[in-house]
Structure formats: structure tokens, C-alpha cells
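Dear colleague,

Please find below the structure I promised to hand over. My findings follow directly after it.

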Amino acid sequence: MRELRATLAWVAQGTELCRKAIVDLDESSYSEPSLLPGWTRRHVVAHVAANARALRNLVHWARTGEPTPMYSSPEQRLTDIESGARLPAAWLTAWFAESAELLRYATSELTEKQWQAEVLTAQGRTVPASEIPWMRTREVMVHAVDLGTGVQFTDLPEEFLAELRHDILTKRGSGAVPAVRGGDADLTAYLAGRPYTGVTNPDGSPAAPLTPWL
Ligand code: ZN
């Protein structure tokens, strides 16, 4: 099982990668496309900030026992991303930083017993609160790459990449993924439905992309 302290350190590491990726963006570079279809960098940052707020709802749930879902509805989740993406660049950057800090603070207050409390994810999975840092790690690490400002899968910690591959394979179902080969970072990008190179089928032909994930 993943160690909580290690996962919290990954959250901090991924948050820092995102912070560095956006700190120098002006209005026009913020409006450039991200690596995610149909999303500018603004949409990615608005989504990551809204995700921190959503996960803070789960932390609240774990701390108080009062059911507070991540998002009030899937529509609300999308509307928040769209309206967030229209914020001025400096606001968006400030929202990202503040939401990340508030989440960090909220998790720092949880007791050992509260970390075990069960909460419901937006996908409808019941998980212990100790899963929240991993959910956040995936977001900040993978979306740091999606921002398209230079962070690559090869920049992410190897142990994180291994954990992510395991997580995605479990969620996709092993039967849904062909037996492909490639370097660790490229295999992870491939599994995540992100741009990759050098991933091949057993017969040496290039592997066809999977559908996006996360
Ligand atoms: Zn996401």
C-alpha cells in the first residue's frame, strides 16, 4: 500500500511543477492550446484549481462525517471550468496557488482515524480519505505535462509513474490494453492517453493510441 507521507510529498512536488509551468504565462500564452483536446492552458489550470476545492470537500467529509461531494453535479464541474478559464491570467494563477494551499492545510489537520473515513469520489467510488492525496497527485503531475510548457513524463518521479501505470491498468481493465512495449515514461503517457513515442506492439508496429484518461 502507498505510504501516505510519500504521497503527500508527491502532491507538493506536482503542485510545484504546475506552479513553475504557469508562473510566467501572460494572457496570450495562457490562451494557447494545452495537450488536451479542446482545452487551453486556462482550462487546465481552472480544472486543477477546481479539483483542489473538490478534494477539500472530501477532506471536510472525512473530518466531520457530513457528506460533501466533490462537485454538486457533472454540469457544475464543467461550468466552473469554463467560467474559471475566462479569469484574467493573474487571477487564474492566484486561484491555483490558493486552492492548492487550502487543500494542503485541510489535509494537514486530519487525524489518523479521519484518514480512514470513507468518502465518495466524483466517479462514484467509495474510498478511504487516505486516497485523496493520490487522487491529487495524479491531477497535478499529469496536468503539469498537459499544460504543454515543457514538463514531460520523463520529468516525473519513476515510482510515481509505476504507481500510475498500475492504477490506470486496473481502471481500464487489463483486457482493454494490448501487450505493448516501450520506455517507462512513454508507456505511462500511452496508458494515460497522452502523446507518446516509441511504444510498439509485440510485432514491432507502432501502438495505436488509447482513449484519454483522467
Ligand atoms: Zn484532471
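This is a predicted model: local features need pLDDT of at least 70, side-chain atom pairs count only at pLDDT 80 or more; totals for chains, interfaces and linings use all residues.

The crossing of helix 3 with helix 4 is right-handed. On the side of helix 3, the contact is formed by His43, Ala46, His47 and Arg53, while helix 4 contributes Arg77, Asp80, Ile81, Glu82 and Gly84. These residues comprise 4 charged, 3 polar and 2 nonpolar ones.

Helix 3 also packs with helix 7, at an angle of about 175 degrees and with the axes 11 Å apart. Helix 3 is therefore roughly antiparallel to helix 7. In this contact, Val44, His47, Val48, Asn51, Ala52, Leu55, Leu58 and Val59 of helix 3 meet Ile132, Met135, Arg136, Glu139, Val140 and His143 of helix 7. By class, there are 9 nonpolar, 3 polar and 2 charged residues in the contact of helix 3 with helix 7.

The model also holds a zinc ion, coordinated at 2.0 to 2.2 Å by NE2 of His47, OE of Glu139 and NE2 of His143. Along the chain, the donors follow the spacing H-x91-E-x3-H. His47 lies in helix 3 and Glu139 in helix 7 (residues 132-146), so this pair ties together parts that are 92 residues apart in sequence. Both His47 and Glu139 are buried.

With kind regards

Definitions and conventions. Residues are numbered from 1 along each chain as its sequence is written. Side-chain values use heavy atoms; hydrogens and water are left out. A crossing is left-handed if the near helix is turned anticlockwise from the far one by less than a right angle, and right-handed if clockwise. Helices (H or I, at least four residues) and strands (E, at least two) are DSSP runs, numbered from the N terminus. Contact means heavy atoms within 4.5 Å. Ala, Val, Leu, Ile, Met, Phe, Trp, Tyr, Cys and Pro count as nonpolar, Asp, Glu, Lys and Arg as charged, and the others, Gly among them, as polar. Donors are N, O and S atoms within 2.8 Å of the metal (3.2 Å for Na, K and Ca); water is not among the atoms, so sites may look incomplete. Buried means under 20% relative accessible area, exposed over 50%, partly exposed in between (1.4 Å probe, protein chains only). Axes are lines fitted to C-alpha atoms, for helices over the stretch in contact, and angles run from 0 to 180 degrees between N-to-C directions. Angles under 35 degrees count as roughly parallel, over 145 as roughly antiparallel, 65 to 115 as roughly perpendicular and the rest as oblique.
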